[in-house]
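Okay, thanks for having me on the agenda.

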Amino acid sequence: MPDSSVDRTAVRRLKAAAGLMLGWVALLWVLEAVDSSTGALATYGLSPRDTGELRDIIPMAFLHHGFDHLASNAVPLLVLGFLAALSGIGLFLRVVLTIMVVGGLGVWLTAADNSVTAGASGVVFGLLGYLLVRGFVNRRAVDIVVGLLVLVMYGSALWGVLPSNPSVSWQGHLFGLIGGVLAAFLFRRPKQPAVAPLR
């Protein structure tokens, strides 16, 4: 007979992950609507190698260069974020913060002069990297399967880390991906102690 407490925990995690990601994506649309109508948020994009811009490392992940830019990020952010958040909201927030900081610092250090970087694609690539390697780091079969499914769904996006399009921040993609892989190692599940056999 299935354990009803396990079922309830799984349902709570599903609801929490779905609610968080739907709320996050909705917030991005609201922010883009505000910025498009007022231009008040444009200053929070990230310009490289200006120490005053370091404060924009986190905000820049919530802003976009127009609704088309946002639309291209919204669905993968929703899907990948939901899958990552199923492991727990606290862990997910730590992973995302790591991605934002590593990705933002990478952009700040390496982006082209006079550029302004904004968008959630760095987080998208970070979550992609996190999900791809998490199962192997934790040695959990279910996470390995999730990673393989993510690879099938979004693996072609990995080409985005290459400097092939000057209008796209490949730096954000690359360092976001690095941040996600780093987070998989930083927040790996602790090893369970071996249980000695009964004699």
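Let's start with R49, which sits in the loop between α1 and α2. Before I go on, this is a predicted model, where local features need pLDDT of at least 70 and side-chain atom pairs count only at pLDDT 80 or more, while totals for chains, interfaces and linings use all residues. Residues are numbered from 1 along each chain as its sequence is written, and side-chain values use heavy atoms, with hydrogens and water left out.

Back to R49, then. Its phi is near 60°, which is a positive value in a residue other than glycine. At 38% relative accessibility R49 counts as partly exposed. On that scale, buried means under 20% relative accessible area, exposed means over 50%, and partly exposed is in between, with a 1.4 Å probe and protein chains only.

There's another residue like that: R139, in the loop between α4 and α5. Phi of R139 is near 55°, again positive and again not a glycine. R139 counts as exposed, because its relative accessibility is 71%.

One more from the α1–α2 loop, where α1 covers 4–38: T43. T43 comes out as partly exposed, at 47% relative accessibility.

Okay, zooming out. The protein chain has six helices and zero strands. Here helices (H or I, at least four residues) and strands (E, at least two) are DSSP runs, numbered from the N terminus.

How does the radius of gyration of the protein chain agree with a compact globule? With 199 residues, such a globule would be near 16 Å, and the protein chain has 18 Å, so the two agree. That radius is taken over C-alpha atoms, and the globule rule is 2.2 Å times the number of residues to the power 0.38. The C-alpha trace spans about 70 × 30 × 30 Å along its principal axes. Of the 199 residues, 40% are buried.

What about contacts along the chain? Contact means heavy atoms within 4.5 Å. Taking contacts with a separation of 6 or more, 80% are between residues 24 or more positions apart.

For the terms: axes are lines fitted to C-alpha atoms, for helices over the stretch in contact, and angles run from 0 to 180 degrees between N-to-C directions. Under 35 degrees counts as roughly parallel, over 145 as roughly antiparallel, 65 to 115 as roughly perpendicular, and the rest as oblique. The α4–α5 contact includes L128, L131 and F136 on the α4 side and I144, V150 and Y154 on the α5 side. By class, that contact has nine nonpolar, three polar and two charged residues. Nonpolar here is Ala, Val, Leu, Ile, Met, Phe, Trp, Tyr, Cys and Pro, charged is Asp, Glu, Lys and Arg, and the others, Gly among them, are polar.

Helix α5 also meets α2 (residues 67–85), where the axes come within 12 Å and cross at roughly 175°. So α2 is roughly antiparallel to α5 as well. From α2 we have V75, P76, V79, L80 and L83, and from α5 we have V146, V150, M153 and Y154. What classes do these residues fall into? Nine are nonpolar, with no polar and no charged.

While you're on α2, click on N73. Is N73 buried or exposed? It's buried, at 7% relative accessibility. Leaving out residues up to four places away in sequence, N73 touches H64, G119, A120, S121 and V124.

Last pair: α3 (residues 89–110) and α6 pack at about 145°, axes 7 Å apart. Their contact includes T98, I99, V102 and G103 in α3, and G176, G179 and G180 in α6. It has nine nonpolar, nine polar and no charged residues.

G179 counts as buried, at 0% relative accessibility. Beyond its neighbours within four places in sequence, G179 is in contact with T98, I99 and V102. Okay, over to you.
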